[in-house]
Every structure is written in structure tokens, then in C-alpha cells.
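Dear colleague,

I am passing on the structure that you will find just below, and after it I set out what was found in it. Please read the notes with the structure open beside them.

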Amino acid sequence: MRDLSVYYCKKCGYYAYYQLPKNAVCPNCNCKMTLMDMRYQDFMDLNYEERDRLISELIINSSASLIQRICAPSKLHNQREVIGHLTQEVATLEQENKRLNETIDWMHQTIWDQLHIIKKLKQELKELKEQKG
């Protein structure tokens with residue numbers, strides 16, 4: 001018989017004990033839970049506060065974006081940083097717009113050149129037909 005293993009959810013911190021990994025699905029988030037690198041009995045020997053601290057540390061260490069999400073509200077109110085980012089974005093978009101306009105101008109000129117060539121060829125064809133006929 002398999003021993004119980006400890007699994008936890010990286011999103012919400014829920015933990016549970018399962019024998020089979022396929023059963024380790026978080027009932028809160030409905031996502032696959034992560035196996036904790038600790039024996040079931042060692043985990044059971046911890047008190048609730050130690051368990052919470054351990055799982056919190058595992059979640060923080062496994063998610064670099066967590067720190068970014070925690071710092072996001074302070075960045076939201078940093079107007080200089082927002083203005084700097086938006087200024088860079090505007091400059092990038094202006095460069096892209098310039099490049100696209102140059103491409104459109106080139107395509108427009110190429111089309112007109114081709115139309116003039118076609119018109120000239122049609123005129124030459126018409127003149128050749130008149131000479132034969």
C-alpha cells in the first residue's frame with residue numbers, strides 16, 4: 001500500500017494528503033497540486049503555524065511573478081514611471097507608424113509604376129494591331 005504524500009496548491013495555499021498524484025487537484029482552484037518534498041509524518045509533526053509558514057515560503061519561492069504582483073499597486077501610483085513607460089511606448093509606436101507609412105508609400109508608387117507600364121503596353125499593342133490590320 002502506498003504512503004500518503006503531502007500536496008499543496010501554488011495559487012491558494014490549500015494542502016491535502018493523497019496516495020496518488022492524479023487525485024491531487026485543488027478543490028478551490030481546480031488546478032493540479034504540487035508534491036511537497038517532505039514525508040507525510042514529518043509534515044504532520046509540524047504545528048499549524050509551521051505548516052502555514054512552510055507552504056507560504058514554497059509558494060513565494062516557486063513564483064517570481066508573485067513579487068511583481070505584490071509591488072504592482074505601488075508602481076501604479078508612481079506617475080513618473082508610468083509617464084516614462086508611456087513615452088517610450090509612444091516613441092516605439094511612432095517609429096512603427098513611420099515604417100508602415102514608408103512601406104505604404106513604396107507600395108503605392110510601385111502600383112502606379114506598374115499601371116503606367118501596363119497602360120503603355122496596351123497602347124503599343126493597340127498600335128501593332130492597327131499596323132497589321
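From the N terminus on, the elements of the protein chain follow the order β-β-β-α-α-α-α, that is, three strands and four helices, where helices (H or I, at least four residues) and strands (E, at least two) are DSSP runs numbered from the N terminus. Please bear in mind that this is a predicted model, in which local features need pLDDT of at least 70 and side-chain atom pairs count only at pLDDT 80 or more, while totals for chains, interfaces and linings use all residues. Residues are numbered from 1 along each chain as its sequence is written, and side-chain values use heavy atoms, with hydrogens and water left out.

Of the 133 residues in the protein chain, 14% count as buried, where buried means under 20% relative accessible area, exposed over 50%, and partly exposed in between (1.4 Å probe, protein chains only).

The largest nonpolar core has eight residues, among them Tyr 7, Tyr 18, Ala 24 and Met 33; such a core is a set of buried Ala, Val, Leu, Ile, Met, Phe, Trp, Tyr and Cys residues joined through side-chain atoms within 4.5 Å. Apart from it lies another core, of seven residues, including Tyr 15, Met 36, Phe 43 and Ile 55.

Turning to the aromatic rings, those of Phe, Tyr and Trp (its six-membered ring) pair if their centres lie within 6.5 Å, and planes under 30 degrees apart count as stacked, over 60 as edge-to-face and the rest as tilted. By this rule there are five aromatic pairs. One of them joins Tyr 7 and Tyr 18 edge-to-face, at 5.9 Å centre to centre and with 65 degrees between the planes. Tyr 7 lies in strand β1 (residues 5-8) and Tyr 18 in strand β2, so the pair ties together parts that are 11 residues apart in sequence. Both Tyr 7 and Tyr 18 are buried.

The rings of Tyr 17 and Phe 43 have their centres 6.1 Å apart and their planes at 65 degrees, so this pair too is edge-to-face. It links distant parts of the chain, since Tyr 17 is in strand β2 and Phe 43 in helix α1 (residues 40-45), 26 residues apart. Tyr 17 counts as partly exposed, at 27% relative accessibility, whereas Phe 43 is buried, with a relative accessible area of 0%. Ring pairs also link Tyr 15, Tyr 17, Tyr 40 and Phe 43 into a cluster.

With best wishes
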